[in-house]
Amino acid sequence: MYDHQMPAQGDDVAHIGVTLRPHRAYAAVVHGATVLPVEPVAPARADLEGVIAAAVGVALRAAPGGAGAVTVDLAPLLLDTLVRTEAEVPPVAAVRIVPRAATDPALARSPAELVERRIARRWTVAGGHDLLGNELTPLDGDGLALLCEELAGTGIRHVAIVAAGSQARPAHEREVADAILAAVPGARISVASDYGGQGLVAREATVVIDSALTALTERVLDRCERTLARLPGSLELRVARGDGGYSTPSRIRVTPVVAFGATEALELCGAAHLAGLDDCRVLLSRDGRPVAGEVRHGLAVVRPDVPVGIGTELVVPMAVLTGAPPDSYPGGADVPVIRPEAPPHVLACVGAAISQPASWLDEVAFIESAAELDHVRRDAEERATAMVMANGAAPGSTRVAEVSTVAVPYSPSGTIRIRVRVAGSPDTSLAGR
Amino acid sequence: MTGQPGYIGASASITAEDVPALYEGAKFYSPAVGDANRSSITSWLAGLLDRNGPVPLLRVEAVPPETPCVSVCVLGSGSAMADLPPAGDEFEMAVRQIERLQRVSFGAVYPLAAATISALVAVVAAAQLRVPLLDADGMGRTFALIHHTAMHLSGVSPTPLAAVGPTGESVLVEVPSGPRADRMLRANVDTVGGWAALAAYPTTAGVLRRAALPGTVSRIANVGRLLLDRTDPDVLVTRLGTITGCRRLARGRIAELEHLSRPSDVTIPAHPSSLVVEETGGLGRQLRIELRSEIVAVFADGALVAGAPDLISLLDVSRGVLATLDSLEPGDLVDVLATPADAVWYSPRGMEMVGMGSHGIPLAHPRRR
């Protein structure tokens, strides 16, 4: 006998994908090969709560076990909030840890106006390491003490910290974070070493956006969880990631920037799912302009890039759609090209509903032998696997979807960049948490 | 850039509006380095050009022969520079050090390599020093070592040279032999953070008339404009061919990235890697592409079809942009492009210095067979 309090599992459950736009939400229910777009009927509401409730109702009618999980795409709301100057976003303090401060004003700030306007105050503290973790300058203790004193007086509570070389050795970032927490109890700190990646400016923009989105993300996820708690069954809440996978709400609460830019990857995966393809090129439309992206092995092709509307690189990967000539396919026709008929919000909802837990790792390492390369690669794969399980994958279900190691050009021999992408199957025991 | 009558295809000055095209064109001539600091570098240069005004871009012949000139470039890793961006004064400081040593005031700057970030920092230095930029360089692309230049082949010494790191620390090198300078610099570059601003090859415009490669700065701007005009890759390759002479060797998907990790000659940075590309359509060949810091050879079904000093680059067909070597992924669809280098590199001395033999591939260049 079916118990509504038990997590719904197996083929008898449907999954719900939701994309949250600034003025309304959309949802779709996916049950096997069946996709049911959800359109609340008046007087039902088209906001987050109303759409989720309507979707759960559709799922109950479509699948014997009702809905198993709800995956929410927060990205459109997050971007809208960042772009609108009048949006309520907490002011962010940015701390750079580099050997010396910039002498040119353009190098002292973010090249992206959208990022810079969220920064209420900047500090530079002398310190930092090189790409391989060698200390370039000792951390300036006096400068740090002054920063803490000044920060405490500003009332700013959201702090973004980036140190040169912190991907390899995060010691300076951690020391600064510890000092700030001691001086400003309750400060919400985002450190760049949590995200890896390349480029100080991109890493700084990532943690600034992370800090700026924290409060909004908390509020939205609170709403989602309250809504699910009121509905029948034991629904699992998932949050779509920029790479088209998903994470648990608890992970997104501490790393909200990971949810940024998810919509494009979801649309690609949704279109591929509707076409029944694992590998394809997807032609979409943006403001009447044709754009394209790719799906390989069921996953959207993603990479760190400059997201539309941001103006600078971020280190979290996402599917950046590129301009596509309307009547030609440059791929040499070795993969199918699809032009989905469903509206973009339906594609995004379908992509969210079918998404898998995912993780991504992008690091620089130093090797001196083939054996050491194998070790570094295995270690990276194991850490990425641990991350994907923290993001909601079932034990034993994970797979390395992509891995690449390339020599870093014009660097000392043995310097390599390693990137790993791991995906897994949902851990259904997480339902209702 | 503003045009100059009687000088077709070249330009009279560089403005902030030219920066995106310069960046893209510079990447074509050295696709090794990724875009992790593109927005930072381009906004820095555009800001300088807005504040200090356009930088005059002059043919070497348009400059009085006795004018002291100096080249600048980024020495070391683009990834290191992305993670430890310039404070902003490194290139000016490097030039000033040589000025103090030689008791001269440089009247023009030129890029050591009109490619990658090195092309842009030459404009930065010219803007900061408020001197013209010469439409010429020493490589016409990027080679691994600082004596791999047309000036070196013409007997111009790279020294005295100054390297200033992002830490603000600097090193001044005076050696009788160009190759020794590079060896001495490498250890210092690692110590100051993995990259340094280099000022080298102080000489006169008269010497550069015979020793430098002309027109290479305006060339990258022209190439960059094509690349910014995101179009069908087939059309793009055809257009690039008319400006650069490049041709498509094959289109295919990256099947494998092999990091061989065998030790290499210490004078050639980076471990050798290989790329396997399965040709889509066409002859269905398998391409093996040999990487160092640049692509140095392409074999199609075992036959050598292109090699250094050819400039070999990969166009990401799906995205319509150049693929940089540190961002390649299995599954990417790429056009493999080969562009002839400047003629000086196919001379016996040029081939000895930068040909395939210098990368441990002792085969005759396809152009010589």
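Start by selecting Gly392(A): just after helix 11 of chain A, this glycine takes a positive phi of about 115°. Before moving on, note that this is a predicted model, in which local features need pLDDT of at least 70, side-chain atom pairs count only at pLDDT 80 or more, and totals for chains, interfaces and linings use all residues. Residues are numbered from 1 along each chain as its sequence is written, while chains are lettered from A and ligands numbered from 1 in the order in which they are written.

Now step back into helix 11 itself, residues 370-390 of chain A. Helices (H or I, at least four residues) and strands (E, at least two) are DSSP runs, numbered from the N terminus. The end C-alpha atoms of helix 11 are 30 Å apart, which agrees with the 30 Å that its 21 residues should span at 1.5 Å a residue; the expected span is 1.5 Å times one less than the number of residues.

Four strands form an open sheet in the order 6-5-7-8, with parallel pairing (two strands pair if DSSP finds at least two bridges between them). Strand 6 (119-126) and strand 8 (188-191) stand at the edges, each with a single partner strand, so one side of each has no neighbour in the sheet. Zoom in on strand 5 (residues 92-98) and strand 7 (residues 158-163), which pair over six bridges; here Ile97(A) has Ala163(A) in strand 7 as its bridge partner.

Finish with the chain contact, where chain B brings 63 residues and chain A brings 58 (residues are in contact if their C-beta atoms, placed from the backbone, lie within 7 Å). On the chain B side, helix 2 (38-52), helix 3 (78-83), helix 10 (233-244) and strand 11 (247-259) each supply at least two residues. Select helix 2 of chain B in particular: it gives the most to this side, with six residues.

Key
Contact = placed C-beta atoms within 7 Å.
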